[in-house]
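Me: I have a protein model here and I'd like to learn how to read it. Can we go through it together?

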Amino acid sequence: SAEAAAEALKNMLSSDAIAVRNGKEVKVPSAELVPGDVVKLSLGDRVPADLRMCDVGNLAAQEAALTGESVPIDKTVDSIPVEGDPSSTPLGDRHNMCFSATLISQGTGTGVIVSTGDYTEIG
């Protein structure tokens, strides 16, 4: 049912995240994160929100639930040249983004939250 699917998605979301607040890394409940927060990611983390990556160290994310890709996607900080509407860029081609509820399969990274909750790509 739709309710069961919504509950399953809710359970996929990370309950805590490492955010940078007042220059210090602190554990924050994911529900308290807002756009503009800086979040640190590492191996095994569930991404708590949609993030624009600003620093990566051999970072890759398992995005099969979102994009259908069977292998982890390597992440970069490089901009993506787009002509026209940026939202037309397929999610799997957005290598400078990590998406809510996906899993970090290798490396580390730091990103800025661009959307949370119902406003993320996974909804």
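Below, we work through the model in short questions and answers.

Me: Which element has the lowest mean pLDDT?
Reply: At the top end sits strand β3 (residues 38-42), with the highest mean, 98. Where pLDDT is low, the predicted coordinates should not be read in detail. The element to treat that way has a mean of 64, the lowest among the elements, and covers residues 2-12: helix α1.

Me: In what order do the helices and strands run?
Reply: First, the parts: the protein has two helices and seven strands. Reading from the N terminus on, the order is α-β-β-β-β-α-β-β-β.

Me: What radius of gyration does the protein have, and what would a compact globule have?
Reply: The C-alpha atoms fill a box of roughly 40 × 35 × 25 Å along the principal axes. For 123 residues, a compact globule would come out near 14 Å, so we compare the protein with that. The two agree, because the radius of gyration of the protein is 14 Å.

Me: What share of contacts joins residues at least 24 apart in sequence?
Reply: We look at contacts between residues at least 6 apart in sequence. Among those, the share that joins residues at least 24 apart is 60%.

Me: How many bridges join β4 to β7?
Reply: Strand β4 covers residues 50-62, and β7 covers 103-115. The two run antiparallel, and one spot to look at is Gly57, which stands opposite Thr108 in β7. The number of bridges joining β4 to β7 is 10.

Me: Which residue of β6 stands opposite Leu51?
Reply: β4 is also joined to β6, by two bridges, and these strands run antiparallel. Across from Leu51, the residue in β6 is Cys98.

Me: And which residue of β5 stands opposite Ala61?
Reply: Strand β5 is made of residues 73-74, and two bridges join β4 to it in an antiparallel arrangement. Opposite Ala61 you find Ile73.

Me: How many disulfides are there?
Reply: A disulfide needs two cysteine sulfur atoms within 2.5 Å. A search of the whole structure turns up zero. Take Cys54: the nearest cysteine sulfur belongs to Cys98 and is 11 Å away, so at a cut-off of 2.5 Å Cys54 is in no disulfide. The count for the whole structure is zero.

Me: Where is Asn58, and what is its phi?
Reply: Asn58 is found in strand β4. With a relative accessible area of 60%, Asn58 is exposed. Asn58 is a residue other than glycine with a positive phi, near 55°.

Me: Is Ala101 buried or exposed?
Reply: Ala101 is found in the loop between β6 and β7. Ala101 also has a positive phi, near 75°, in a residue other than glycine. Its relative accessibility is 4%, so with a limit of 20% Ala101 counts as buried.

Me: How far apart in space are Gly92 and Ala64?
Reply: Gly92 is found in the loop between β5 and β6, and is buried with a relative accessible area of 18%. Setting aside neighbours within four places in sequence, Gly92 is in contact with Thr67 and Ile73. Gly92 and Ala64 are 28 residues apart in sequence, and from C-alpha to C-alpha their distance is 9.6 Å.

Note on methods. Residues are numbered from 1 along each chain as its sequence is written. This is a predicted model: local features need pLDDT of at least 70, side-chain atom pairs count only at pLDDT 80 or more; totals for chains, interfaces and linings use all residues. Side-chain values use heavy atoms; hydrogens and water are left out. Helices (H or I, at least four residues) and strands (E, at least two) are DSSP runs, numbered from the N terminus. Buried means under 20% relative accessible area, exposed over 50%, partly exposed in between (1.4 Å probe, protein chains only). Two strands pair if DSSP finds at least two bridges between them. pLDDT is the predictor's confidence in each residue, from 0 to 100. The radius of gyration is taken over C-alpha atoms; the globule rule is 2.2 Å times the number of residues to the power 0.38. Contact means heavy atoms within 4.5 Å.
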